[in-house]
Amino acid sequence: MTPVGEFCGRTVAVFGLARSGLAACRALLAGGAHTAADDDDAASRARAAAAGIGMADLRHADWRRFAALILAPGVPIADPAPHWTVPLARAAGVPIIGDIELFCRTRARHCPEAPLIAITGTNGKSTTTALIAHLLRAAGRDVQLGGNIGTAVLALEPPRADRVHVLEISSFQIELAPSLRPSIGVLLNISPDHLDRHGSMPAYAGLKARLVSGAERAIIATDDAWCADIATRLLAQGRRVERLSAAARPAHGWYADGTRLIADAPWTGPVGAFADLAGIASLRGRHNVQNALAASAAALAAGLAPHEVAAALATFPGLPHRLEEVGRLGPVLFVNDSKATNAESTATAIAAFDGGIFLILGGRSKAGGIATLLPRLGGIAKVYLIGEAMPEFAASLEGRVAFECAGTLAAALAAAVRDATGKGTAQPAHPVVLLSPACASFDQFANFEARGDAFRALVRSLPGIAC
Ligand code: ADP
């Protein structure tokens, strides 16, 4: 844990008592502060009280006694409507910040030289964060991995000069962390997401830009216009920026030739081709070229040698539920991509294979359904529909691709196995049974992890499966 001493002897309001809120309470208490913690959910309040955390009814509290309000990142500060704590804090002049801000202030006070690598972007944050941590650990570094992935930042070990914090940071967390100044900031991509919370694309891109604007060194993938613009602006200000592209060869920077990664970068000098992703199952697909380039650039900026990076890329285990290989049955590969909760992510998954895909699709449909997926169905042998979205997706797919309405995950898998093993339709050379649902899971599962776990368990119970 990282004790937060900044508010020693004072009382801090904490709203939102899930993972990061509870860790913030513990860190504040360890630093000598008192907490006035609250949550809209009675079970969360009871859990926190049972853990010995100082509670308060914040609706009826005297806010003038609070030194700050620590807001959980899921709680809206402005759009679509400010949470009820926000006007109460503002009326009393109480600053509103998040747990990342507490960490940054603690680092600035006790060990400003402690290495901090922060990663953001609309997609690929978790993969890139985990990959950077993996590369550094493989080189023997003391690494603390967390933030928006896994462990809440304040539950990690404290910053130290010989310890690297590698933190995934969401736009919500950036919004509540005005003094976020990482040693290395990584911005992967910006595409429309969470606009209900951030109002507009310029507002959302502005938040993402803050992470790299505050960084001593910035690594920016310039494959979309928003990120390219941010990189250009920072370079014009004379800032240390390393650019990369998974789609084109930048004038200076990092790029790929197929699966070969190439660095021609101002920080490092021209390194040349230093690694090849071919055959690394955990980094399959064009999107992972971007993630691997960004992670490699961060690892080199942190002092690793190109050959160390190349060797460690090959041993990256990958993250569960993101193009995760879960078994083989003869030539048939089974892949769990349950994290694909929208059409864009499913299109990314489809593009990562050379066809022969038996795709399990469906759940609770997102706005727009699978409209953006329809032109990208090349390589699909057949689709198996599940969940609430079944009638909607069946209407969308009619006349475009072979499909059947399976209903449940178990029925869909059974039908896909029948077809992929050649008992139904003609068998492609490299069949892939892919769960990449383009939907939320809540109609049939608690979350995407539960859906992916169920798929993995079903696959692993197939007779003759090799894991
Ligand atoms: P995040 O933490 O940002 O949600 P993940 O690493 O968990 O990112 O990946 C989530 C999904 O986003 C993946 O399943 C994949 O479909 C897609 N994705 C991953 N990396 C990228 C990328 N660099 N560009 C576009 N899409 C990506």
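Which residues line the largest cavity? Select Val14, Phe15, Gly16, Ser20, Gly21, Ala24, Ile70, Leu71, Ala72, Pro73 and Asp99 to display that lining.

Before going on, note that this is a predicted model, in which local features need pLDDT of at least 70 and side-chain atom pairs count only at pLDDT 80 or more, while totals for chains, interfaces and linings use all residues. Residues are numbered from 1 along each chain as its sequence is written, and side-chain values use heavy atoms, with hydrogens and water left out.

**Stop 1: the cavity**

Searching the whole structure gives 1 cavity of 30 Å³ or more. A cavity here is a set of points, on a 1 Å grid over the protein atoms alone, where a 1.4 Å probe fits but cannot get out; lining residues have an atom within 4 Å of a point. The volume of the largest cavity is about 40 Å³, a volume being the space filled by probe spheres set on the points.

Colour β1 (11–15), α1 (19–30) and β3 (66–71): each gives at least two residues to the lining. Helices (H or I, at least four residues) and strands (E, at least two) are DSSP runs, numbered from the N terminus. The largest share, 3 residues, comes from α1. By class the lining has 7 nonpolar, 3 polar and 1 charged residues; Gly is counted as polar.

**Stop 2: Phe15 and Trp84**

Phe15 and Trp84 are an edge-to-face pair, at 5.5 Å centre to centre and 75° between the planes. Phe15 lies in strand β1 and Trp84 in the loop between β3 and α3 (85–91), so the pair ties together parts 69 residues apart in sequence.

Phe15 is buried at 3% relative accessibility, and Trp84 is buried at 18%. Buried means under 20% relative accessible area, exposed over 50%, partly exposed in between (1.4 Å probe, protein chains only).

**Stop 3: Trp63 and Phe66**

Trp63 and Phe66 form another edge-to-face pair, 5.2 Å centre to centre with 85° between the planes. Both residues are buried.

**Stop 4: Arg59**

Select Arg59 with Trp84: the charged end of Arg59 sits over the ring of Trp84, 4.2 Å from its centre. The rule asks for NZ of Lys or CZ of Arg within 6 Å of the ring centre and within 35 degrees of the ring normal.

How values were computed
On a 1 Å grid over the protein atoms alone, a cavity is a set of points where a 1.4 Å probe fits but cannot get out, and a pocket is an open set with protein on both sides within 12 Å along at least five of seven lines; lining residues have an atom within 4 Å of a point. Rings of Phe, Tyr and Trp (its six-membered ring) pair if their centres lie within 6.5 Å; planes under 30 degrees apart count as stacked, over 60 as edge-to-face and the rest as tilted.
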